[in-house]
Amino acid sequence: MAILEAIDIIKQYKRAGHTVTALNRASITVNEGEFVAITGVSGSGKSTFINICAGLDTPNAGSVMLGGRMITSLYGDELTKYRGKTVGFVFQSHKLIPHLTAYENILLPLNAADRKLENHEERFKLLVDSLGIRDRLSHLPSELSGGQAQRVAIARALIHYPRILFADEPTGNLDRKSADEVVDLMVQLRDSLKQTMVVVTHDPKTAERADRIYNMEDGFLIEQRKR
Ligand SMILES: Nc1ncnc2c1ncn2[C@@H]1O[C@H](COP(=O)(O)OP(=O)(O)OP(=O)(O)O)[C@@H](O)[C@H]1O
Ligand SMILES: [Mg+2]
């Protein structure tokens, strides 16, 4: 079943008097439990596209169905609330709050999602143990390695049981070894939690782990044949 269906997304930016078309009828379908990778050269529109799919940005035309709702018809608080409970997001830079510990960072999305405390404990333990960060929970982000910080960011993105995880270059700032570890963990979480994920990546090794790969070419997505 499709959890994400974006159809004919168009996004244009006006810059210095002329129009830049970042997305030109880009479409994607992601089924529940799938790991889909999006590749493409710098500036091809990957970030713009997943931001729109996640409800962080709005298109000029086209529609996004996410988790059964047409999010391109939602606005303001209604969109924020729906996005908060439906989506997890991981960025290239971990974007952890610097003055909060790893533990506090992971729990951040829960307030927004308004869940009961007793439901969190099991999920928290599962994520922390799966991601191997149990002994790092009292650390501040500045006291974590790049790979550890990104693993904390993944736990934070998943703590509230989002139906879909979006990641924009999650391994882009990591060395080869840490990048491989993070991707291994993401694949394991996809398997154990049946977590749907859409990952933007420059890294062919990361893309190769996905079930399906789309390439962004001139603002248009083309599904690649897997080897
Ligand atoms: N806020 C903005 N204002 C104007 N132009 C923008 C804006 N955001 C993106 N663009 C333009 O849209 C195009 C797509 O950008 P986008 O960041 O989505 O590409 P990308 O594929 O994610 O690139 P990268 O691999 O470098 O992250 C680029 O030409 C970019 O300059
Ligand atoms: Mg980008």
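Helices (H or I, at least four residues) and strands (E, at least two) are DSSP runs, numbered from the N terminus. The model is predicted, and local features need pLDDT of at least 70, side-chain atom pairs count only at pLDDT 80 or more, and totals for chains, interfaces and linings use all residues. Residues are numbered from 1 along each chain as its sequence is written, and chains are lettered from A and ligands numbered from 1 in the order in which they are written.

Phe 166 lies in strand E7, residues 164-168. Phe 166 counts as buried because 25 other C-beta atoms lie within 10 Å; the cut-off for buried is 20 or more such atoms, with C-beta atoms placed from the backbone. Leaving out residues up to four places away in sequence, Phe 166 touches Ile 50, Cys 53, Ala 54, Val 87, Phe 89 and Val 198, where contact is C-beta atoms, placed from the backbone, within 7 Å. The C-alpha atoms of Phe 166 and Met 197 are separated by 5.8 Å, although these residues are 31 apart along the chain.

The shell around ligand 1 (C-beta atom, placed from the backbone, within 6 Å) includes Tyr 13, Arg 15, Val 20, Gly 45 and Lys 46. Two or more shell residues come from each of strand E1 (2-15), strand E2 (18-31) and helix H1 (46-53). H1 gives the most, with three residues.

Strands E9 (residues 212-217) and E10 (residues 220-224) pair in the antiparallel sense over five bridges; pairing requires at least two DSSP bridges. Ile 213 has Gln 224 in E10 as its bridge partner. The hairpin of E9 and E10 has two residues between the strands, and Asp 218 takes a positive phi near 50 degrees there.

Conventions
Buried ≥ 20, exposed ≤ 12 C-beta atoms within 10 Å, placed from the backbone. Contact = placed C-beta atoms within 7 Å.
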